[in-house]
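This briefing covers the aromatic ring pairs of one structure. Please have the sequence and coordinates open while reading.

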Amino acid sequence: MHHRNDSGTEMQPNGHATQPEILVSAVLHLMSHYSVHARQPDRQQACQNLAPVIERHLNVLSGLPELTPVLRATCQQLAEQWSQWCSARSRQQEQSDFPG
């Protein structure tokens, strides 16, 4: 049986947050870091490295049966958007590495 702590986080009987809660928290944290650093020229590589990690987290979340259907669908849509962005950035990087 799960219960919620004072902040509303779903907890297991041992007091640890559940896996979905941890993943949602992690992806929100990663997305926040990305948005803060995306406009800083010296942080562009770090953001490029964060984007696939964000996509993977969203993909995992989209497949968790513990999440509501609307949250799974939202995570799937966001994962697809991040995937497209990652692919586009990868193509841009390849073109800049090998100017033709």
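Searching the whole structure, a predicted model, turns up three aromatic pairs.

**Tyrosine 34 and tryptophan 82**
- The ring centres of tyrosine 34 and tryptophan 82 are 5.0 Å apart and the planes meet at 85°, so this pair is edge-to-face; the cut-off for that class is over 60 degrees.
- Tyrosine 34 belongs to helix 1 (residues 19–37) and tryptophan 82 to helix 3 (residues 69–97), so the pair ties together parts 48 residues apart in sequence.

**Tryptophan 82 and tryptophan 85**
- Tryptophan 82 also forms an aromatic pair with tryptophan 85, at 6.4 Å centre to centre, where centres must lie within 6.5 Å to count.
- The planes of tryptophan 82 and tryptophan 85 are at 65°, and the pair is edge-to-face.
- Both residues sit in helix 3, three residues apart, so about one helical turn separates tryptophan 82 from tryptophan 85.

Notes
Residues numbered from 1 in each chain as written. Predicted model: local features only at pLDDT ≥ 70, side-chain atom pairs only at ≥ 80, totals over all residues. Heavy atoms only, no water. Phe/Tyr/Trp six-rings, centres within 6.5 Å; stacked < 30°, edge-to-face > 60°. Helix = DSSP H or I, 4+ residues; strand = E, 2+ residues; numbered from the N terminus.
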